[in-house]
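Dear colleague,

Here is the structure that I promised to hand over to you. Please open it first, and then read the notes below beside it.

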Amino acid sequence: NLPFSWESLLPDFPKGPLCKYRKKASFNWKEMAVLLDGKDIIQLKNRIFSALESDPLFVHHPGEELSREKYQELTFLRCKRLFEYDFLTQQEIIENPLKIFHMVLCIGMYDWSPCIQYLLHFLNCASYLLEFIINTPDFEAAKFWIGNMGKHATHAVVYAQLYTPDGQYQGLHSFLVQIRDIKTLLPIPGVVVGDIGKKIGQNGLDNGFAMFHNVRIPKENILNIAGDVTAEGKYSSSVKDVKERFSAALGSLSSGRTVITAVSMTNLKLALSIAIRFSAVRCQFGPTDDEEIPVLEYQTQQWRLLPYLAATYALDYFCKSLFENLTEFYLGLLTKQRSQRQADIGREIHALCAASKPLTSWTAQQAAQECREACGGHGYLAMNRLGEIRNDNDPNCTYEGDNNVLLQQTSNYLMSWMHCIRDKVPFESPFGTINVLQDYHHILDWKFTAMSVEDCMDSSVPLAAYKWLVCYLLRESDLKLSKEKQSGRSDFEAKNNCQVYYCRSLAIAFIEQTVLQRYHDYTHDPDIPSTLQPVLKNLSALYGLWSLSKHLAVLYQGGYASGEQAGRFIQNAILELCYRLKDDAVALVDVFAPPDFILNSPIGKANGELYKNIWGEVLQGSKTLNRPSWWTEFCINRPVAGRLKSKL
Ligand SMILES: CCCCCCC/C=C/C(=O)SCCNC(=O)CCNC(=O)[C@H](O)C(C)(C)COP(=O)(O)OP(=O)(O)OC[C@H]1O[C@@H](n2cnc3c(N)ncnc32)[C@H](O)[C@@H]1OP(=O)(O)O
Ligand SMILES: Cc1cc2nc3c(=O)[nH]c(=O)nc-3n(C[C@H](O)[C@H](O)[C@H](O)COP(=O)(O)OP(=O)(O)OC[C@H]3O[C@@H](n4cnc5c(N)ncnc54)[C@H](O)[C@@H]3O)c2cc1C
């Protein structure tokens, strides 16, 4: 019963082999897409996707090997074109900041290289507007890896230690430094700048290094987020505490980490669209010699893919909610809020994105590999794009802070609440993510109580287990830290020795619990249409149980679960949910898959014509049917076996 305008927004898919599964779906994919994104966002996506598809600069070059130099040039031209499109007006951004988020992800679905290049220019221009002297003391202190710096950036935001003329060290600050001449692209005197070389992925993007030798920049170029220097060289800051200034200076990293969380989630969407459509069409073996069945019918294939599909839905919802949290944080910054709430928001958002980036980038990394293997040999064919998705996702685990290092920030935050818990002081956080700890003592007494597999089919079961897990790991991490300190270890050593199995697991359990809590609340909201709620609840339960199953050992170790049944119920519930979701799987990816041109994978096309699509692409290769240029080496200059064998 969708109004006509929705139909024109979301056209039907071409008829073909995927229809079989599409017909079996328990829900209408268009209704789901409208529920999840809304009309405005769908229109924006359509606008961006069709602009890219009809622009010759964005045409794909199947079967053509682009050199790194050419790819970088093309990426730069595409990035420039994105500025020309200017997809969003300022008014649109102000009215709905979530549109920036969607714009970035739509471009990224096409290719992350121009997207990140554009984003880095966009963020650096948009978010930052004495005679300082910038120096790199030695080559180990060189700036390395900087996006856009390799070939073309003319200005850089440089984080540097600030020393005022009185010799006082004032901590980390950021400065706007010109590195190349804007007319010639040649380096500014005193700047050594260059490209760092080929990477594992994202090779359209030029990453560079820079060293500075007494480069003078105007006084106005200090980006005075946390402090400023007067014309007389005197330092002033509204944030008195050095540590607080450090947090303020690094606060902007939270936006990058939030975006990377969403970038990784988008990679999940791409990889799963390909693998599930493939699995629904690719037939192998069967109950009888003359009947082959789609590989999606196999329990193993369902168990390998469908939990990642559930994770995609849960993380998609989480990313949007995190972006809303971030928007609130930035509104506070822009309006120069100095309240305790603003400071608390800064700490909470930092703790959240320092763990959501690891969770999502690792999930996407594992999913991309699983999807690659789930598509068998065809998954390994570069044209099907799973290798590109895997490699382009990989640095999400590293940049804007290495995942393992960032998790320590989240566990530090959680541990910082222990004194309130111990002293029974009331506490809460602005976004409520740590409020679960208010019941810490009570929750630690909880046990796994489900009596059957059916009892486990709702996400309330894994959610309760996660609450216990977070409290338990917090208690154990705190005890471990005390023990380490009591045994005479320094604070530094003690903290290091508490990471594996303790603080690291705590941070991961916390973010999984937070993602699940938000998704559980969303899917159980009475306002969700009854036509969509059953499948959404199944996704929530599957995500929760599957994530939780990786912590089974700790659930038993800490006494939350006991006996054979608990583990068995969880495992069987996962399998049962996978089975229930398999007929919905194609429709579930139809909801988020971008158009074929953007997905750019023959085996992932919406028409499901697997073999025709592959052949179509293979035959487009410019040299597919050519005799190799070195054919004479094979046919004429034949090797004389043993000719070079030593005669000694
Ligand atoms: C945009 C998306 C597209 C992709 C872009 C790709 C381009 C890539 C760009 C980059 O990679 S840019 C470089 C990014 N670099 C980093 O992210 C560095 C990572 N490292 C750090 O952030 C820090 O080393 C560390 C992890 C914070 C640890 O530093 P340190 O040990 O010195 O600090 P602490 O003692 O733990 O913290 C002090 C204090 O500050 C608080 N804090 C730290 N960071 C933040 C923050 N971002 N926001 C708010 N607060 C922060 C921290 O919690 C501590 O507070 P207290 O506990 O003392 O209250
Ligand atoms: C593709 C790409 C693009 C990038 N773009 C930019 C950019 O535009 N601008 C920019 O400034 N930077 C950029 N970077 C750099 C990036 O921010 C850093 O690589 C990242 O922050 C990790 O730091 P590192 O490389 O120094 O790793 P290291 O700190 O050397 O880490 C190496 C290993 O040691 C471990 N380790 C380190 N410290 C600890 C600890 N305390 N406890 C336990 N384990 C630890 C880490 O887990 C990691 O596995 C980019 C990186 C990549 C890969």
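**Around the two ligands**

Strand E2 gives the most to the shell around ligand 2, with three residues; helices (H or I, at least four residues) and strands (E, at least two) are DSSP runs, numbered from the N terminus. Please keep in mind that this is a predicted model, in which local features need pLDDT of at least 70 and side-chain atom pairs count only at pLDDT 80 or more, while totals for chains, interfaces and linings use all residues. Residues are numbered from 1 along each chain as its sequence is written, and chains are lettered from A and ligands numbered from 1 in the order in which they are written.

Of the 14 residues around ligand 2, those that come nearest are Trp145, Gly147, Pro395, Tyr399 and Asn404, where a residue counts as near a molecule if its C-beta atom, placed from the backbone, lies within 6 Å of it. This shell is made up of five nonpolar, six polar and three charged residues; here Ala, Val, Leu, Ile, Met, Phe, Trp, Tyr, Cys and Pro count as nonpolar, Asp, Glu, Lys and Arg as charged, and the others, Gly among them, as polar.

Ligand 1 has 21 residues around it, of which Ser247, Leu250, His350, Tyr399 and Gly401 come nearest. Two or more residues each come from helix H8 (112-127), helix H9 (242-250), helix H10 (253-281), helix H12 (340-374) and H15, and H10 gives the most, with five. By type, the shell around ligand 1 holds nine nonpolar, ten polar and two charged residues.

**Glutamate 400**

The unreviewed UniProt entry carries the annotation "active site" at Glu400, although such annotations may be inferred rather than shown by experiment. Glutamate 400 lies in the loop between helix H14 (386-393) and helix H15 (403-415).

E5 and strand E6 (residues 207-212) are joined in the antiparallel sense over five bridges, and valine 191 has phenylalanine 212 as its bridge partner in E6.

With best wishes

Definitions and conventions. Pairing = 2+ DSSP bridges.
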